[in-house]
Amino acid sequence: MSLPKGLAEEVSRNLVMVARLIDEDPEQAYAYSRIALRLASRVAAVREAAGFAAYATQKYSEALAEFRAAKRMTGSVELWPVMADCERGLGRPERALAMAGEPEVQKLDKAGQVEMRLVAAGARRDMGQLDAAIVTLQSPELASNSVQPWTARLRYAYADALLAAGREDEAREWFAKTVEADKDGTMDASDRLAELDGVEFVDALGGDEPDDVDVDVDDEDDEQDAAEVAAAERASDQAEYYDEDDEEYEPLEGSAADADVDVTDEIAVVEDEDEDDARDRDKA
């Protein structure tokens, strides 16, 4: 609302493209975010969008700078967890852990606090502290039977940490619980569970072909195409009309041009014979 109408519409279009592409084509989303940033760098929403686009393309230093700018403009702490995760991306997990203990965390809503817990556990794992990561994830939200937007991710992170620590049976249990919570199937918990159970997936469409049969369809098609082209060229040569006034004109052997000449000669011979017969009758 702080921008002139025309500029606001242009910035909005670029932000819409960022939102549409950030999951499927993050590099293109990043390009749109840079355009919006160039047009309206003093708008908090633009700085935030630019931060997420940079984060999606693993440009963590740039993302952190944009998130900090957005936080200064709005005074909101909702970006605190992703800022801490940028510190992890920059190879500074100890800073992420320090941020997990800051007062800003207490100002986050429930989803933000769960996200901060996930980041802190990830930082612990970055530092090789698997047991501490597992303890960090143990919380009332993890133990709850109700399914919230964060439930599947929290359970998955816990199962993955258990597996990394060699606690396979417990990991299998929590991967199964993740599948129950992941209604949209956005995570690969079912695949991880299948791997733990020793299930191998076989391509049902690829196992019926004999191994000793090597059919190269492309080569057969190429040979057929080449034969058709050659036949078409021969047909074209036979049907080609030549200009007899052309100095380079040479009728093809057995062509229609030769046939015309032969027929003309025969007609001339017949006409000469007819004239001789007519003179003989007149004498008689």
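Helix α1 covers residues 5–21, and its 17 residues reach 25 Å from the first C-alpha to the last. That is close to the 24 Å expected at 1.5 Å a residue, where the expected span is 1.5 Å times one less than the number of residues. Helices here are DSSP runs (H or I, at least four residues), strands are runs of E of at least two, and both are numbered from the N terminus. The model is a predicted one, so local features need pLDDT of at least 70 and side-chain atom pairs count only at pLDDT 80 or more, while totals for chains, interfaces and linings use all residues. Residues are numbered from 1 along each chain as its sequence is written, and side-chain values use heavy atoms, with hydrogens and water left out.

Val-11, Asn-14, Val-18 and Leu-21 of α1 are buried, that is, under 20% relative accessible area; exposed means over 50%, and partly exposed is in between (1.4 Å probe, protein chains only). These four cover an arc of only 100° around the axis, so they sit on the same side of α1; the arc is taken over the directions from the helix axis to the C-beta atoms. An α-helix has 3.6 residues a turn, so residues three or four places apart point the same way. On the other side of α1, Lys-5, Ala-19 and Arg-20 are exposed. The buried residues of α1 pack against α2 and α3, a contact being heavy atoms within 4.5 Å.

Overall, the secondary structure comes to 14 helices and zero strands. Of the 284 residues in the protein, 29% are buried. Among contacts between residues at least 6 apart in sequence, 47% join residues at least 24 apart.

The loop between α3 and α4 is worth a look. Thr-57 has its place there and is buried, with a relative accessible area of 13%. Leaving out residues up to four places away in sequence, Thr-57 touches Pro-26, Glu-27 and Tyr-30. Gln-58 lies in the loop between α3 and α4 too, but is exposed, at a relative accessible area of 58%. The phi angle of Gln-58 is near 65°, a positive value in a residue other than glycine.

Charged pairs come next. The structure holds 17 salt bridges, each one a side-chain nitrogen of Lys or Arg within 4 Å of a carboxyl oxygen of Asp or Glu. One of them pairs Glu-27 with Lys-59, at 3.8 Å from N to O. Glu-27 lies in helix α2 (residues 26–39) and Lys-59 in the loop between α3 (44–56) and α4 (60–74), so this bridge ties together parts that are 32 residues apart in sequence. Both ends are partly exposed: Glu-27 has a relative accessible area of 47%, and Lys-59 is at 27%.

Another bridge joins Glu-66 to Arg-47, with the closest N and O atoms 2.5 Å apart. Glu-66 is in helix α4 and Arg-47 in helix α3, so the pair links parts that are 19 residues apart in sequence. Both Glu-66 and Arg-47 are buried. Glu-87 and Arg-92 also meet through their side chains, at 2.7 Å from N to O. In this pair, Glu-87 is buried at 2% relative accessibility, whereas Arg-92 is partly exposed at 24%. Elsewhere, salt bridges that share partners join Glu-168, Asp-169, Arg-172 and Asp-197 into one network.

Helix α4 also holds Phe-67, which is buried at 0% relative accessibility. Residues up to four places away in sequence aside, Phe-67 touches Glu-48, Gly-51, Phe-52, Tyr-55, Leu-79, Val-82, Met-83 and Cys-86.

The crossing of α6 and α7 is left-handed, meaning that the near helix is turned anticlockwise from the far one by less than a right angle (clockwise would be right-handed). On the α6 side the contact is made by Pro-93, Ala-96, Leu-97, Met-99 and Ala-100, and on the α7 side by Met-116, Val-119, Ala-120, Ala-123, Arg-124 and Asp-126.
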